Structure formats: C-alpha cells, structure tokens
Amino acid sequence: MTGFTSTTRAVPEVGGVPRHVAIIMDGNGRWATSRRLPRVAGHAKGVEAVRGTVDACARRGVEYLTLFAFSSENWRRPAEEVSVLMRLFISALQREVRLLADNGIRLMVVGELGAFEPRLRELIAQAVERTADNRRMTLTIAANYGGRWDILQAMRRLLAARPDLARDPSALDDELFEPYLAMAYAPEPDLFIRTGGEQRVSNFLLWQLAYTELYFTDAYWPDFDANALDAAIASYRERERRFGRTSAQVGAAE
Ligand code: IPE
Ligand code: IPE
Ligand code: MG
C-alpha cells in the first residue's frame with residue numbers, strides 16, 4: 001500500500017491549495033543566452049529560483065513539492081554542461097541542507113542515483129537522512145529521473161518480490177504496482193508546472209500525471225518567483241477536476 005489511493009481507483013478529495021506541486025524547471029539556458037551569458041550562468045541563477053519556490057510553497061501549505069532537476073536524457077548534453085550541473089547539485093546540497101532542516105522540510109531524491117559519482121551520492125544520502133523527520137513539506141528532487149525508468153524499475157522490483165504474478169498477470173493492478181514507484185510516499189501531483197514555454201512532459205512523472213492539472217508558462221525558470229507560483233495556483237483553483245465524472249456529478253459531490 002502507498003497510503004494514497006490512486007486517482008484511477010477512487011476520486012480524491014481536492015482543496016484550493018494543491019497538495020502536491022510538480023515542476024519542470026526549464027529555460028535556464030535560454031535565460032542566460034538572452035542576456036549574452038553562458039548557459040551555466042542560467043543554471044546557477046536557477047538554484048536561487050529553487051530556494052524561493054521551496055519557501056513559497058511551504059508558506060502556502062503545499063505538502064509535497066517535486067522538482068525535475070536532471071532527466072535521464074540530459075546526459076546527452078555536452079560533457080562540460082553536465083559536469084557543471086553536477087557541481088551545482090553538490091554545492092546546493094552542501095549549502096542548502098541546513099536551511100531545509102531549519103525550515104522543517106524533508107528532502108527526498110528520486111532517480112537512478114547509481115549513475116552519479118560517489119561523493120554526490122554520499123551527500124544525497126546524508127541530506128536525506130538529516131531531514132528525514134521533517135514534516136512541514138516534502139521536497140523531492142528528481143535527478144537522473146525518467147518516467148519510463150520509474151515504471152520499468154517498479155515493474156522489475158514488483159516481479160522480483162512477486163514472481164507468482166508472472167504466471168497470473170491478470171492479478172496485477174495499480175494497487176499492487178504503485179508501491180514500487182519511486183514516489184510511492186507521495187500522492188499523485190495535483191498541479192504540474194512547466195516553465196520555459198515548451199508544452200511537453202519530457203519523460204517526467206508519466207504514471208503519476210494521469211489526472212494532474214497542467215500549467216505552462218513562458219517565464220524562464222530563473223525568473224519564476226512567488227508571484228508566478230501564485231498565478232499557477234490561481235489557474236489551478238479555476239479548474240474543475242472531474243476525474244472522469246460529469247460536471248453535474250462534481251457539483252453534487254461538493
Ligand atoms: C532546465 O533548463 C535545466 C535542466 C534541464 C537541467 P535548460 O538547461 O533546459 O534550459 P533551456 O531549455 O535550454 O533554455
Ligand atoms: C526537462 O527539460 C528536464 C528538466 C527540466 C530537468 P529539458 O530541457 O531537458 O526538456 P526538452 O529536451 O526540451 O524536452
Ligand atoms: Mg530545456
């Protein structure tokens with residue numbers, strides 16, 4: 001059991017503040033290029049936007065904030081840019097963990113972490129451990145994460161634990177499968193935000209976005225601030241989340 005019911009099994013209760021916000025932080029490179037700066041300057045500035053967004057979400061009562069920091073396809077970038085991103089990740093972990101700990105924020109990191117250098121893995125493990133008891137908000141960083149990787153790793157682990165399912169596949173359902181997803185500790189995202197103008201999912205949380213409200217903004221990630229977050233939440237509040245039902249049914253249920 002994940003402790004959270006799948007949106008395809010039952011209609012969840014929804015409130016005015018999204019319980020789980022998931023963000024594709026895109027546009028760092030273009031932010032820098034538009035200022036005639038090297039792309040990496042955009043990534044450095046992007047770390048500041050992360051700090052502001054974590055704080056703004058916690059203040060608004062968001063319980064889970066998930067940030068896509070590095071996709072399984074981002075290894076395709078020039079080696080120099082990848083290595084700068086890794087160094088930024090290391091320095092952000094070293095600098096920010098204390099702030100997270102002091103603010104009651106639990107850090108989780110999801111993705112194929114085995115691909116990272118041992119020092120980074122060690123820092124991640126320490127930061128996760130140090131903030132493990134915090135309850136105000138859970139910040140998840142998706143690093144070397146891919147939605148397809150997540151579904152496949154979940155399926156592999158499920159079949160290893162339950163080899164009988166291979167002989168009786170009809171017994172497999174979402175309730176059996178979901179506890180093996182990397183983010184089984186969180187409900188599905190209510191609000192997905194992508195900055196940087198592209199309207200695509202880029203292999204983020206493929207399974208979990210089934211009934212998530214999608215919000216796209218042209219703002220580049222380094223310019224994303226509390227006002228931009230409020231605009232996204234305002235848009236979210238106007239949505240009617242039907243989960244397959246009719247509008248009249250939604251009205252009757254409220
Ligand atoms: C997002 O910004 C950060 C990462 C993918 C690591 P980009 O680096 O993708 O910026 P653009 O999309 O090229 O402007
Ligand atoms: C998605 O951004 C991944 C992250 C923000 C970490 P990309 O910039 O990699 O996505 P594409 O290549 O434009 O789809
Ligand atoms: Mg991009």
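This is a predicted model: local features need pLDDT of at least 70, side-chain atom pairs count only at pLDDT 80 or more; totals for chains, interfaces and linings use all residues.
Me: Which residue meets the side chain of Glu175 in a salt bridge?
Reply: A salt bridge requires a side-chain nitrogen of Lys or Arg within 4 Å of a carboxyl oxygen of Asp or Glu. For Glu175 the N to O distance is 3.3 Å, and the partner is Arg9.

Me: How many residues apart in sequence are the parts that this pair ties together?
Reply: Arg9, which is partly exposed at 42% relative accessibility, lies in the segment before β1 (20-24). Glu175 belongs to helix α7 (residues 174-177), so the pair ties together parts whose separation in sequence is 166 residues.

Me: What is the N to O distance in the salt bridge between Glu240 and Arg242?
Reply: Glu240 is partly exposed at 32% relative accessibility, and Arg242 is likewise partly exposed, with a relative accessible area of 39%. Their side chains meet in a salt bridge with an N to O distance of 2.7 Å.

Me: Which residues are linked with Glu198 and Arg200 in a network of salt bridges?
Reply: The side chains of Glu198 and Arg200 meet in a salt bridge at 3.7 Å, N to O. Glu198 is partly exposed at 24% relative accessibility, and Arg200 is partly exposed at 46%. The network that holds this pair also links Asp26, Arg30 and Arg194.

Me: Which side chain has an N or O atom 2.6 Å from an oxygen atom of ligand 2?
Reply: The residues around ligand 2 include Asp26, Arg194 and Arg200, which are also part of the network of salt bridges. A polar side-chain atom of Arg194 lies 3.2 Å from an oxygen atom of the ligand, while for Asn74 the corresponding distance is 2.9 Å. The distance of 2.6 Å belongs to the side chain of Ser202.

Me: Which element gives the most residues to the lining of the largest pocket?
Reply: The largest pocket has a volume of about 1,000 Å³, and of its 44 lining residues the closest to the centre are Met25, Asn28, Val50, Phe68 and Ala69. Among the elements that give two or more residues to this lining are α1 (28-33), α2 (39-59), β2 (64-71) and α3 (79-102). The element that gives the most, with 10 residues, is α3.

Me: How many residues in the lining of the largest pocket are nonpolar?
Reply: Sorting the lining of the largest pocket by residue type gives 9 polar and 10 charged residues. The remaining class, the nonpolar residues, comes to 25.

Me: Which residues lie closest to the centre of the second largest pocket?
Reply: The second largest pocket has a volume of about 510 Å³. Its lining divides into 17 nonpolar, 8 polar and 6 charged residues. Of the 31 residues that line this pocket, those closest to its centre are Phe4, Thr5, Pro12, Pro187 and Glu188.

Notes. Residues are numbered from 1 along each chain as its sequence is written. Chains are lettered from A and ligands numbered from 1 in the order in which they are written. Side-chain values use heavy atoms; hydrogens and water are left out. Helices (H or I, at least four residues) and strands (E, at least two) are DSSP runs, numbered from the N terminus. Buried means under 20% relative accessible area, exposed over 50%, partly exposed in between (1.4 Å probe, protein chains only). On a 1 Å grid over the protein atoms alone, a cavity is a set of points where a 1.4 Å probe fits but cannot get out, and a pocket is an open set with protein on both sides within 12 Å along at least five of seven lines; lining residues have an atom within 4 Å of a point. Grid points are joined across faces, edges and corners, and a volume is the space filled by probe spheres set on the points. Ala, Val, Leu, Ile, Met, Phe, Trp, Tyr, Cys and Pro count as nonpolar, Asp, Glu, Lys and Arg as charged, and the others, Gly among them, as polar. A residue is near a molecule or strand if one of its heavy atoms lies within 4 Å of it. A polar contact is a pair of N or O atoms within 3.5 Å; within protein, one must be able to donate a hydrogen and the other to accept it, and residues adjacent in sequence count only if both atoms are side-chain atoms.
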